[in-house]
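Subject: Structure for your review

Dear colleague,

Please find below the structure that I am handing over to you, followed by an account of what was found in it.

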Amino acid sequence: MRFLIVRTDIRAAADTDITAAWAGGRRLRDETIRPEPRRQVVHAEDRDAALLLARALATVGSVRSGKQRVKVLPLDDPGRCRARPDSPGS
């Protein structure tokens with residue numbers, strides 16, 4: 001399975017936005033509608049390589065200080081969907 005490793009900027013959220021999202025039962029950040037700006041993108045052919053690259057990117061000062069984050073996303077196997085924790089099948 002192939003993986004995409006992405007280093008992104010973390011968008012700041014105002015306290016009022018956090019309160020409104022919490023009260024309305026909605027997400028504060030929805031990556032499908034408004035993704036975080038990407039800083040670096042790397043591809044890996046297997047999970048071990050993806051995690052190794054993610055660990056290396058996590059050593060960047062901006063990630064360590066909480067201004068950026070590293071995400072590991074699977075690219076292959078679209079038929080496999082993750083079960084939600086509250087679904088009956090999990």
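Predicted model: local features only at pLDDT ≥ 70, side-chain atom pairs only at ≥ 80, totals over all residues.

Leaving aside neighbours within four places in sequence, which residues is Ala54 in contact with? They are Ile5, Val70 and Val72.

Overall architecture

The protein chain holds three helices and three strands, arranged along the sequence in the pattern β-α-β-α-α-β. Of its 90 residues, 19% are buried. Among contacts with a separation of 6 or more, 75% are between residues 24 or more positions apart.

Helix 1 covers residues 15–24, and it lies largely in the open because one of its ten residues is buried. Just after helix 1 comes Gly25, which takes a positive phi of about 70 degrees.

In soluble globular proteins, nonpolar side chains tend to be buried together. In this model, the largest nonpolar core consists of six residues, namely Phe3, Ile5, Ala44, Ala50, Ala54 and Leu57. Strand 1 (3–9) and helix 2 (47–57) each contribute at least two residues to this core. Helix 2 provides the largest share, with three residues.

Ala54 is a member of this core and is found in helix 2. Its relative accessibility is 12%, and Ala54 therefore counts as buried, the limit being under 20%. Ala54 and Lys71 are 17 residues apart along the chain, and their C-alpha atoms are separated by 7.4 Å.

Ala44 also belongs to the core. When residues up to four places away in sequence are not counted, Ala44 touches Met1, Arg2, Phe3, Ile5, Ala49, Ala50 and Leu53. Phe3, Ile5 and Ala50, which are among these partners, are themselves listed in the core.

Gln68 is located in strand 3 (residues 68–74). Why does Gln68 count as buried? The reason is its relative accessibility of 9%, and the cut-off for a buried residue is under 20%. The side chain of Gln68 is joined to that of Arg7 by a polar contact of 2.4 Å. A polar contact of 3.1 Å also links the side chains of Gln68 and Asp9. Beyond its neighbours within four places in sequence, Gln68 is in contact with Arg7, Thr8, Asp9, Ile10, Arg39, Ser62 and Val63.

Glu36 lies in the loop between helix 1 and strand 2 (38–44). Glu36 has a relative accessibility of 4% and so counts as buried. Its side chain makes a polar contact of 3.1 Å with the side chain of Lys71. Not counting residues up to four places away in sequence, Glu36 touches Thr8, Asp9, Ile10, Arg11, Arg29, Glu31, Arg69 and Lys71.

Partly exposed strand residues

Val41 is in strand 2. With a relative accessible area of 39%, Val41 is partly exposed. Apart from residues up to four places away in sequence, Val41 touches Leu4, Ile5 and Val6. The C-alpha atoms of Val41 and Thr8 are separated by 8.9 Å, although these residues are 33 residues apart along the chain.

Leu73 is in strand 3 and is likewise partly exposed, with a relative accessible area of 35%. Not counting residues up to four places away in sequence, its partners are Arg2, Phe3, Leu4 and Val6. How far apart in space are Leu73 and Phe3, C-alpha to C-alpha? The distance is 5.5 Å, for a separation of 70 residues in sequence.

The second largest pocket

Rolling a probe the size of a water molecule over the atoms shows where empty space is left. The second largest pocket has a volume of about 240 Å³. Its lining is formed by Arg11, Ala12, Ala13, Asp17, Arg26, Arg27, Leu28, Arg29, Asp30, Ile33 and Arg34. By type, the lining comprises four nonpolar residues, no polar residues and seven charged residues.

With kind regards

Definitions and conventions
Residues numbered from 1 in each chain as written. Heavy atoms only, no water. Core = buried A, V, L, I, M, F, W, Y, C linked by side-chain atoms within 4.5 Å. Buried < 20%, exposed > 50% of the residue type's maximum accessible area, 1.4 Å probe, protein only. Helix = DSSP H or I, 4+ residues; strand = E, 2+ residues; numbered from the N terminus. Contact = heavy atoms within 4.5 Å. Polar contact = N/O pair within 3.5 Å; in protein donor to acceptor, adjacent residues only side chain to side chain. 1 Å grid on protein atoms, 1.4 Å probe; cavity = no way out; pocket = protein on both sides within 12 Å on 5 of 7 lines; lining within 4 Å. Points joined across faces, edges and corners; volume = space filled by probe spheres on them. Nonpolar A, V, L, I, M, F, W, Y, C, P; charged D, E, K, R; others polar.
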